[in-house]
Amino acid sequence: MNSLKTFSKALATCRHHFLKFYVQREMSSVVGSSGRVLYGVQQFDTAQTTTSHHPACRVQVPSVGYTSVAVKQPSLWDRAKNQMGITGRLKYPKAKLKLSGYNMYTCCQAQVDLEQMFRDLNLPDTFNSWFLVTELHVWMCMVRLAVLDKEGRVVRNSLVEAMWADVDRRSKQLGNAASLTARKEGIKDLGGAFYAALFSYDEGILGDDRELAGAVWRILFEREQDKEAHQLALMVEYVRKQVHHMDQQDSDLMLRRGVVTLLPLYGDKLNVDEVNSKLLAIYSKKMVS
């Protein structure tokens, strides 16, 4: 039993250092080679990720009927090779897989109804709210890609790269509202927040609905005390059903083309015609039948 605990602790430590290295690498490509990504403005404490002080998180969240996803953990050797950029023989060309990552990011952006989410979740229409919603959907895609071996890791890395490129582009559109220095500092802060969110959402999806509700409240709702219980329950159901829906989708289509479909905020039925109309702008043909 003690040896199992020791192994689990060592594995968690390796995962911690790997994700820190990866996010630092991606963030440095956004803020420039001279910018140093700083973490630890607040020390990220994993013990805090399983505790929520919002009253709604202490009530019973209705079960949404979706099974928890099993996240595949790469071996220590695979982690070392990934940090060094060694992928080995791939099922598809690396350039195609990288393009799939960008396409997958575009798919998410095209299908998420931001106006509806901002309105029904009572989120302010700001750059920060857009990022919080975006990182949630990127994380859900990362969960799906985690079980697709080395090809999935290439697509995942490209997906996150696409997100930071979009963050950089959108932050520039703020114009005079944000100076260059303030913009770089803001992106650094987002990098630290994204790094912490990965751990918190992972623990939430692997735990029960109250743990997932706590993760949503801390990250998406930014610990706002005035959030209603039904809003937390809605997002717990949304995350569970979305992860389950992604798990049913064609893995090869994800790797080859980056195609991913998203369920609406309400209900669990995919509007095929609506999704195809949105994907036409990306792929120039129907992708869902």
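# Reading salt bridges and cysteines

User: How many salt bridges are there in this structure, and how do I read them?

Analyst: The count comes to nine salt bridges. Keep in mind that this is a predicted model. The general idea is to look for a Lys or Arg side-chain nitrogen within 4 Å of a carboxyl oxygen of Asp or Glu.

User: Where do D168 and K172 sit relative to each other?

Analyst: Both belong to helix α6, which covers residues 149–172. They are four residues apart there, so about one helical turn separates them.

User: Is D168 buried or exposed?

Analyst: Buried: the relative accessibility of D168 is 14%, and the cut-off for buried is under 20%.

User: What about a pair that joins two helices? Which residue does D209 bridge to?

Analyst: D209 forms a salt bridge with R240, with 3.0 Å between the closest N and O atoms. Here D209 lies in helix α8 (residues 209–219) and R240 in helix α9 (residues 229–247), so the pair ties together parts that are 31 residues apart in sequence. Both D209 and R240 are buried.

User: Which residue does K227 bridge to, and how exposed are the two partners?

Analyst: The partner of K227 is E224, and their closest N and O atoms are 3.8 Å apart. K227 is buried, at 4% relative accessible area, whereas E224 is partly exposed, at 25%. When you read a bridge, then, check each partner separately.

User: Which residues are linked in a network of salt bridges?

Analyst: D166, R169 and R170 are linked in such a network.

User: Are C108 and C141 buried or exposed?

Analyst: C108 is buried, with a relative accessible area of 3%. C141 is buried as well, with a relative accessible area of 1%.

Note on methods: Residues are numbered from 1 along each chain as its sequence is written. This is a predicted model: local features need pLDDT of at least 70, side-chain atom pairs count only at pLDDT 80 or more; totals for chains, interfaces and linings use all residues. Side-chain values use heavy atoms; hydrogens and water are left out. Buried means under 20% relative accessible area, exposed over 50%, partly exposed in between (1.4 Å probe, protein chains only).
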